[in-house]
Amino acid sequence: MLIAFSVAPSGGGSDSVGEIVAEAVRVVRESGLPHETTSMFTTIEAETWDEGMEVVKRAVAAVQARAPRVSLVLKADIRPGHTGQLSAKVERINQALEG
């Protein structure tokens, strides 16, 4: 399954949230799961719902430790039996564009 999520602090009085968001990304990187971080979302690939949501939960907790309020946006592609979809989905699009 792929889980794309964005976790951000709010109520801190500054427009710059990069330093705090980096704490959530650190959790993702330390999880060992395949992942990709873009300007808007971090996407992880997990074998199970529990495995993926545990990483999301820890990422939220990392931001919550430094902010009075946290916003979470989450989208999941739940497709049992498929792995490597973090890159395979993009490869299929690129092939379609070339063909």
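**Pockets and cavity**

Author: At least two residues of the lining of the largest pocket come from each of β1, β4 and α3 (85-98); helices here are DSSP runs of H or I with at least four residues, strands are runs of E with at least two, and both are numbered from the N terminus. The model is predicted, so local features need pLDDT of at least 70 and side-chain atom pairs pLDDT 80 or more, while totals for chains, interfaces and linings use all residues. Residues are numbered from 1 along each chain as its sequence is written, and side-chain values use heavy atoms, without hydrogens or water.

On a 1 Å grid over the protein atoms alone, a pocket is an open set of points with protein on both sides within 12 Å along at least five of seven lines, a cavity is a set where a 1.4 Å probe fits but cannot get out, and a lining residue has an atom within 4 Å of a point. Points are joined across faces, edges and corners, and a volume is the space filled by probe spheres set on them.

The largest pocket holds about 260 Å³ of space. Its lining has 13 residues, and those nearest the centre are Leu 2, Ala 4, Thr 43, Leu 86 and Lys 89. Helix α3 gives the largest share of this lining, four residues. By class, six residues of the lining are nonpolar, three polar and four charged (nonpolar: Ala, Val, Leu, Ile, Met, Phe, Trp, Tyr, Cys, Pro; charged: Asp, Glu, Lys, Arg; polar: the others, Gly among them).

The second largest pocket has a volume of about 200 Å³. It is lined by 16 residues, with Met 1, Ala 46, Glu 47, Thr 48 and His 82 closest to its centre. Seven of its lining residues are nonpolar, five polar and four charged.

The largest cavity contains about 50 Å³. Around it stand Met 1, Leu 2, Glu 45, Asp 77, Arg 79, His 82 and Gln 85, a lining of two nonpolar, two polar and three charged residues.

The linings share residues. Leu 2 lies by the centre of the largest pocket and also lines the largest cavity. Met 1 and His 82 are among the residues closest to the centre of the second largest pocket, and both line the largest cavity as well.
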